[in-house]
Amino acid sequence: AKHFKLLVVGGGAGGLGIASKFTRKLPSGSLGIIEPLEDHYYQPGFTLVGGGLMTLDSNRKKQVNLIPKGATWIQDKVETFNPSQNTVVLRGGEEISYEYMVIAMGIHLRFDMIKGAVEALETPGVCSNYSPFHVQKHYQEVMNFQKGNAIYTFPNTPIKCAGAPQKACYITDSILRQRGVRDKAHMIYATSLSKIFGVDHYVKALEKVAQEKTIEVKTKRNLIEVVTNNKKAIFELLGDDSKPTGVTEEIEFSLLHISPPCTAPEPLRSSHFADKTGFMDVDPQTLQSKNYPNVFGVGDCMNTPNAKTAASVSTHLKTVDTNLTQVMQGARPFMKYDGYASCPLVVSTNRVILAEFSPNEILETTPLNQSKPSYWAFLMKRYILPVLYWKGLIKGHWNGPSTIRNFSRLLKTK
Ligand code: FAD
Ligand code: UQ1
């Protein structure tokens, strides 16, 4: 059986970032990384692909070219975790043992939790920027749109990049205006939340965007079924406790953009690493597993209260780099993750509100007012952040913007 000093589960944003950092510290051959997929996508680019502002190809690279030198790629998936024995079992039945492990499996898209959605995605009018297989279809649908309701949904579960469902809606509004058909469309943003966005600081600015675009915002609406033959979306109305009220609403659509319900990945959900919600139970500051001190988490698969974004991963990487090194040296983890997350809210084909926050405070990097839609933030989203991801984050060189933020605070005269 194979054995690694450090085993990394998942070769996404977080997994590659950690593997890059630790292959530089550990002897060659002592780090294994388990990732089943051939292709790696820059997922934050999907919003732009769905809006025709980037190609899908330019957001895809072969995983084999991204695995850091010195690391062993195991192209398979974990099926079972056996943390009391420090082993995992792969789909192929192989057992792998480890001394330390980092779990970075992300969050799983669950279109299957909406009745009829999986089939509906293969029919005209239904699409999703969340899936690499249905993101280009969104742009095609917007370019072919003639008239009727265009509905954008937000699920009743945790989701990565919680701003992405409304970015899709805003870009579509811009394109329909450019095409001269916007007055033929009734645009609806239907969210399970009780407000347009989870972070109060940005709510006013986003409400203004939706209002100026005459997008109808329907809150406490959870998509539960898509009926393909007569193109109906069925929502359940949620109460103040976000539980279903039993009342449903049917809306006919010409275009339906689904943001899928999401859950923790199956093998994690049923393991001893998970809490009741299925996500990995970690100390929210040190990111160390609560039950197994030789295991850490990174990224979307954890139960930390931050928004699930690649921007958060940058700060997770810094935290786990320090804390896992401490643990490897027999010392205590001391670095504390501050809950940082960011969501560049694309509000048209050339403006962005660059939201940056933790569960407790606003953490904007620049001294500018980032609530205001701006062209500079759009340029950053389109041209700088992809480079920061490919050359910085997954190579283990980008630890988040906290240093820049501290510096720009010096410039603020308040
Ligand atoms: P991922 O990068 O998703 O990687 C998880 C990896 O684990 C995958 O490669 C998967 O194949 C692998 N895996 C899963 N199960 C197993 C298993 N059983 N065994 C082994 N491997 C497994 N973030 C931002 O910061 N800004 C944005 O503007 C932004 N926009 C987004 C827009 C969209 C449409 C989407 C979908 C996401 C967006 N994000 C954005 C979120 C960002 O992409 C994620 O938060 C980030 O990729 C999380 O990294 P991760 O490593 O936790 O998960
Ligand atoms: C970020 O670090 C990051 O990961 C590389 C993103 O994902 C693509 C982001 O969207 C953002 C905004 C950041 C934060 C970086 C800066 C410079 C504000």
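Sorted by class, the shell around ligand 2 holds 10 nonpolar residues, 4 polar ones and no charged ones. Here Ala, Val, Leu, Ile, Met, Phe, Trp, Tyr, Cys and Pro count as nonpolar, Asp, Glu, Lys and Arg as charged, and the others, Gly among them, as polar. The model is a predicted one, in which local features need pLDDT of at least 70 and side-chain atom pairs count only at pLDDT 80 or more, while totals for chains, interfaces and linings use all residues. Residues are numbered from 1 along each chain as its sequence is written, with chains lettered from A and ligands numbered from 1 in the order in which they are written.

The shell of ligand 2 comprises 14 residues, and Pro44, Ala310, Ala311, Ser342 and Thr365 come nearest; a residue is near a molecule if its C-beta atom, placed from the backbone, lies within 6 Å of it. Helices H8 and H9 (375-393) and strand S20 each supply at least two residues of this shell, and H9 gives the largest share, 4 residues. Helices (H or I, at least four residues) and strands (E, at least two) are DSSP runs, numbered from the N terminus. Ligand 2 lies between domain 1 (2-107 + 264-338) and domain 3 (341-385 + 402-411), because both give residues to its shell; the domain bounds come from an automatic or database domain assignment.

Around ligand 1 there are 38 residues, of which Gly10, Gly12, Gly14, Gly106 and Gly299 come nearest. Two or more residues of that shell come from each of helix H1 (13-23), helix H2 (46-50), H8 and strand S20 (341-346). By class, the ligand 1 shell splits into 21 nonpolar, 12 polar and 5 charged residues.

Then there is Pro305, which sits in the loop between strand S19 (295-297) and helix H8 (310-328). Pro305 counts as exposed because 11 other C-beta atoms lie within 10 Å; the cut-offs are 12 or fewer for exposed and 20 or more for buried, with partly exposed in between, using C-beta atoms placed from the backbone. Leaving aside residues up to four places away in sequence, Pro305 touches Pro284, Gly339 and Pro359, contact being C-beta atoms, placed from the backbone, within 7 Å.

As for the whole protein, there are 10 helices and 21 strands, and buried residues make up 48% of the 414 residues. Of the contacts between residues at least 6 apart in sequence, 65% join residues at least 24 apart.

Methods:
Two residues are in contact if their C-beta atoms, placed from the backbone, lie within 7 Å.
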